[in-house]
Amino acid sequence: MRITIDQLMDRAMGRTREPEYGRLYAAFGSNLNIQQMSIRCPDAEVVGTSRLENHKLMFCGRTGGAVATVVPAKGSYVPLLLWSLTPEDEWALDRYEGVPTLYRKEMITVRHRGVPTDALIYIMNEGRPYGEPGQGYLNVICEGYQSVRFDLQILRKALADSVYLSRRKA
């Protein structure tokens, strides 16, 4: 196996570019739900968990139809489920997430297997008000949190903060 100079530099710096198993994707909302992802992205595989530091989970959009996003928040974190995606999976997620109208794609650095690694994340575009998600959507996220044993208090706080801020601005 040949190793390029870039790969050697990445190893020396403790980073990987693209994981050997496909594009790494960091899910924080409804895509935590393994059953839902198996339908939407049949070739995607869970490869681990991580955290998005100094961010918090929130819900934005019209009340009753708000969806999850992450926003900067010093001292907070958002739990992430890491998926390996094929190009077809990523294309399916782009459509589901409404890229580029509703969400945009960004690359973040997460710790995976103890190593800082680049991962794709979908972040909602600015300008949408905070709001309350529908019960069905919230249940899908809750099932995801429970299946990977994430702290449900993070989800409860996101809901409470989003509803509070949506009513304060109304």
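## The whole chain

A residue is called buried when its relative accessible area is under 20%, exposed when the value is over 50%, and partly exposed in between (1.4 Å probe, protein chains only). By that rule, 45% of the 170 residues of the protein chain count as buried. The model is predicted: local features need pLDDT of at least 70, side-chain atom pairs count only at pLDDT 80 or more, and totals for chains, interfaces and linings use all residues. Residues are numbered from 1 along each chain as its sequence is written, and side-chain values use heavy atoms, with hydrogens and water left out.

The protein chain has five helices and five strands, where helices (H or I, at least four residues) and strands (E, at least two) are DSSP runs numbered from the N terminus. In sequence order, they follow the pattern α-β-α-β-β-α-β-β-α-α. Contact means heavy atoms within 4.5 Å. Take the contacts between residues at least 6 apart in sequence: 70% of them join residues at least 24 apart.

Let us start with Ala26, found in strand β1 (residues 23-27). Is Ala26 buried or exposed? Ala26 is buried, because its relative accessible area is 0%. Leaving out residues up to four places away in sequence, Ala26 touches Leu80, Leu81, Leu82, Ile108, Ala119, Leu120 and Ile121. Ala26 and Thr49 are 23 residues apart in sequence, and their C-alpha atoms are 8.4 Å apart in space.

## Two residues of β2

Ser50 has its place in strand β2 and is buried, with a relative accessible area of 10%. Beyond its neighbours within four places in sequence, Ser50 is in contact with Val78, Pro79, Leu80, Leu82, Val110 and Arg111. What does the side chain of Ser50 reach? It reaches the backbone oxygen of Arg111 at 3.0 Å. This is a polar contact, meaning a pair of N or O atoms within 3.5 Å; within protein, one must be able to donate a hydrogen and the other to accept it, and residues adjacent in sequence count only if both atoms are side-chain atoms.

Asn54 is also in strand β2, but Asn54 is partly exposed, with a relative accessible area of 39%. The side chain of Asn54 reaches the backbone nitrogen of Gly75 at 2.9 Å. Gly75 is one of the residues that Asn54 touches, and others include Val71, Pro72 and Tyr77. From C-alpha to C-alpha, Asn54 and Pro72 are 5.9 Å apart in space, though 18 residues apart in sequence.

## Helix α3 and its cover

Which residues of helix α3 (residues 87-97) are buried? They are Asp89, Glu90, Ala92, Leu93, Asp94 and Glu97. Their cover includes β1, α2 (34-40), β3, β4 (103-112) and β5. Just after α3, Gly98 takes a positive phi of about 70 degrees.

## The second largest pocket

On a 1 Å grid over the protein atoms alone, a pocket is an open set of points where a 1.4 Å probe fits, with protein on both sides within 12 Å along at least five of seven lines; lining residues have an atom within 4 Å of a point. The second largest pocket is lined by 14 residues, of which Val70, Val71, Met124, Asn125 and Glu126 lie nearest its centre.

β2 (45-60), β3 (67-85) and β5 (115-124) each supply at least two residues of this lining, and β3 gives the most, with four residues.
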